[in-house]
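Please read the points below with the coordinates open beside you. They are set out as a colleague's note, one topic at a time.

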Amino acid sequence: MALPLAGEQPAAQATTVQHGPSAASSAPRRRGTRGGSSSRRYLIFLLPAAVFMAVFAVFPLLQLAWISLHDVTQRTLNAPDWEFAGLANYIRGFSAGESLPAVTRTLTVVFIVTAGGMILGLTSAIALRTRGRWSACLLAVMVFVWALPPVVNGSVWKFLLAENGLVNTVLTALGSPRPVPFLYDPQWALISVACVAAFAVIPFNALVFRAALMTIPPEVFEAAAVDGASRFQEIRYIMLPAVKGTTLVLLVLTVVYGFRSFDFIYVMTFGGPGTATATLPFLGYLQAFNRYDYGLGSATSFLAVAGVFLLAGLYAWSIRREEKQG
Amino acid sequence: MSQKNRRLPAGIAALTAALALSACTGGGGGAEQAEADSEGPQTVTVWHYFAEDAQVELMEAYKEKFEEAHDSVTVENVYVPYDQMNSRLVNAAGAGEGPDVAVFNGAETSILALGGALLPLDQYWQEFDDAELISESVLHTVDDEMYAVQGYVNLLGLWYNAEILDEIGVEPPTTMQELEEAMAAAEEAGYRGITLSGLPNSQGEWQAYPFFTEEGFSYEDPDETALSAALSRVETWVDEGWLSQEAVNWDQTVPFQEFSAGQTAFAVNGNWQRGNAAADADFEYGVVPLPLSETGQVYLGGEGQALGANSQNPELAWQYLQETYLDPEGQLMALEIVGSLPSRSDAAQDELVTEDEILAPFSQTVEQYGATYPDSVVPAEAVGDLQVTMAQAWSAVIGKQKSPEEAASDATDALEDLLD
């Protein structure tokens, strides 16, 4: 009984796929009229999103690029004209020795967020794959964590990771000779904010991975059990292949998330100690809104945007590839 | 190469600022006042960044005072986070929006004035009867125009836990050596030595400045050796366990909360903590001037009060300032509620100031170490950059990102360009 049930999905899909050409061949004239009309209707539905994106995404990005090519300070920000500076702001960022270390810090954060978010996200999804009361409770908690505003999440972690915070209290009770300088040592601070960012993305990744795992028919696991497969073999030969396509998409999304790391740094360390946690987005903020050198801040921020653009392109490509494969 | 370009019209920054501000202010005071005639209901919108209880209480007290005197007027106090205040004011000005009154870090007047966020006050000041009673050190002028005035002065002093000092048998320090000996004794007795802010923003520079100048450093003649010596001192405090390395994460509120918990001997903090100390500290405490050398200086800071560039009713807004911040009774309210020192010479002579055990050391500091904030040698456009640069050096040494020598070298290199 199980196998026919499992085969129902492709059959249903095949029916759907056949329906289009079949309907088209029976009524060619109507198809032309209806097709043109419905594509125009699609455009109307797309319009609000397109306008929203144009106003709140495309235009600010153009503005950012424009400012990065000009000498804009607090004196000239609201002036009618800005002095053209070419690439001087970009060169100044690197020659002042600020941009390169910020790129390194950003890549460190991206690595920790991606590795932590992907591995723990998948692990959580595997653990939560089964349906049940505990699984549902844990899922609810994860959604809650995911939905928390970063400012709240970051503030909570700032308390937890403080010198006299809960984490250090527990560690001290377990025998740690001195508090761990989670947020006030240059190396620890960068790792800590990256780990908190990774923690915040785990629920989202787990939910997406879980959705992919839930598409595996239970009969596959029953067959594996009959064949004597171990739990590890189930993961290795059934679950991992099943989430392969999802993994690529999620990987790109997580890298983008790590690349635009700002909010947790703003709340937890303000880029410090010194400049130890000043990633590209935070450095851009500091230059624009604390030093009031909007041209320099825009140039730094645009570097971060360029990185995200690259990854967004990769994301679009991976989505299309997955759709074709699907 | 000076090629003029037509800027992209209006700008999304203006649009988003307008949206953000309307969310914050519920429509903005300017718009509301435009609709109101001179006899109808009017609103004075006041932007401030106060989060501490005593400071918020003062804002509410000023609101009540002004509303009681003017039946048809509503004062709307709007909280804007400290580090967003300047950018929001400048962005709002670009969008033709903004508050009627802005209360901000007085040292950053130049940033706001250059950004077009403030209205020049010269005309109002000339017509102000009590202008001569206000000290010139609290008037903020940019490009020969006056943009802000302070109703009070805030500055740093050395708070001490009298019970800990009694226990370890030391007197409140008058020199840096005495302070360090006291911190060592406190640490030996199981207490923390001192709290201060090492945050890499303007608050860090404000706190670091007395220690920089203590070693002979000045912005007029930035000496790398003197700066390095100052940074070495604070590094020693961290190494000895007198100061927590965690200070790099603290703004000025947190270290005073730590001090108020009763386990720290000293706190470098301001007179505005007087109300919080009375409310939170359940131990005997006192204040002495920071134990600085002859070269030591303490910024005379505090919030600047100004009129928003796009205020629809600047006359009413100025009246609000006259009857609150610049009024003798209003200044004494700030003194009683927050502990701020009046900027009017008549209010400063009130016995509330001269006989107050906590405020008297601050008054003494004004005379002994008081310095203009920001230093007049710092160009108006470089104020923000300089504050971040110096605060990052301070934070980098406390947090062990850089050695004092490296931090001093980097900072003085940056200062060469900024002070040029």
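1. A:Met53 sits in helix H2 of chain A, which runs over residues 28–68. In this predicted model, A:Met53 has a relative accessibility of 47% and therefore counts as partly exposed, since that class lies between under 20% for buried and over 50% for exposed. Together with A:Phe52 and A:Phe56, A:Met53 forms a nonpolar patch on the surface, and the accessible area of the three together is about 320 Å².

2. The mean pLDDT of chain A is 85, with 88% of its residues reaching 70 or more, but helix H1 of chain A (residues 2–26) has the lowest confidence in the chain, at a mean of 36, whereas helix H7 of chain A (residues 166–173) has the highest, at 96. Over residues 1–32 of chain A the pLDDT stays under 50, and for this stretch the model has four contacts beyond four places in sequence. Where pLDDT is low, the predicted coordinates should not be read in detail.

3. As to its overall make-up, chain A has 14 helices and two strands, and of its 326 residues 40% are buried. Among the contacts in chain A with a separation of 6 or more, 68% are between residues 24 or more positions apart. The accessible surface of chain A comes to about 18,000 Å², and carbon and sulfur atoms account for 70% of that surface.

4. The largest nonpolar core has 145 residues, and the members that touch the most other members are B:Trp125, B:Trp237, B:Phe266 and B:Tyr320. Leaving aside residues up to four places away in sequence, the contacts of B:Phe266 include B:Trp159, B:Tyr160, B:Pro173, B:Met183 and B:Phe259. Another core, of 27 residues, lies apart from the largest one, and among its members are A:Val113, A:Trp157, A:Ile265 and A:Phe270.

5. B:Ala371 belongs to strand E15 of chain B (residues 370–372) and counts as buried because its relative accessibility is 7%. Beyond four places in sequence, B:Ala371 touches B:Tyr209, B:Gln297, B:Val298, B:Tyr299 and B:Leu300.

6. The count of salt bridges over all chains is 17. In one of them B:Asp385 pairs with A:Arg291, with the closest N and O atoms 2.9 Å apart; B:Asp385 lies in helix H18 of chain B and A:Arg291 in the loop between helix H13 and helix H14 of chain A, so the pair joins two chains. B:Asp385 is buried, at a relative accessible area of 17%, and A:Arg291 also counts as buried, at 10% relative accessibility.

7. A further salt bridge is formed by the side chains of B:Asp130 and B:Arg344, at 2.9 Å from N to O. B:Asp130 lies in the loop between helix H6 and strand E5 of chain B and B:Arg344 in the loop between strand E14 and helix H15 of chain B, so the pair ties together parts that are 214 residues apart in sequence. B:Asp130 is partly exposed, at 25% relative accessibility, whereas B:Arg344 is buried, at 3%.

8. B:Asp239 and B:Lys400 form a salt bridge whose closest N and O atoms are 2.2 Å apart. The pair links distant parts of the chain, 161 residues apart, with B:Asp239 in helix H10 of chain B and B:Lys400 in the loop between H18 and helix H19 of chain B. B:Lys400 is partly exposed, at a relative accessible area of 32%.

Technical notes: Residues numbered from 1 in each chain as written. Chains lettered and ligands numbered in written order. Predicted model: local features only at pLDDT ≥ 70, side-chain atom pairs only at ≥ 80, totals over all residues. Heavy atoms only, no water. Patch = residues over 30% accessible without salt bridge, like charges linked within 9 Å, V, L, I, M, F, W, Y side chains within 5 Å. Areas by Shrake-Rupley, 256 points an atom, 1.4 Å probe, with all protein chains shown as cover. Salt bridge = Lys/Arg side-chain N within 4 Å of Asp/Glu carboxyl O. Helix = DSSP H or I, 4+ residues; strand = E, 2+ residues; numbered from the N terminus. Buried < 20%, exposed > 50% of the residue type's maximum accessible area, 1.4 Å probe, protein only. Core = buried A, V, L, I, M, F, W, Y, C linked by side-chain atoms within 4.5 Å. Contact = heavy atoms within 4.5 Å. pLDDT = per-residue confidence, 0-100.
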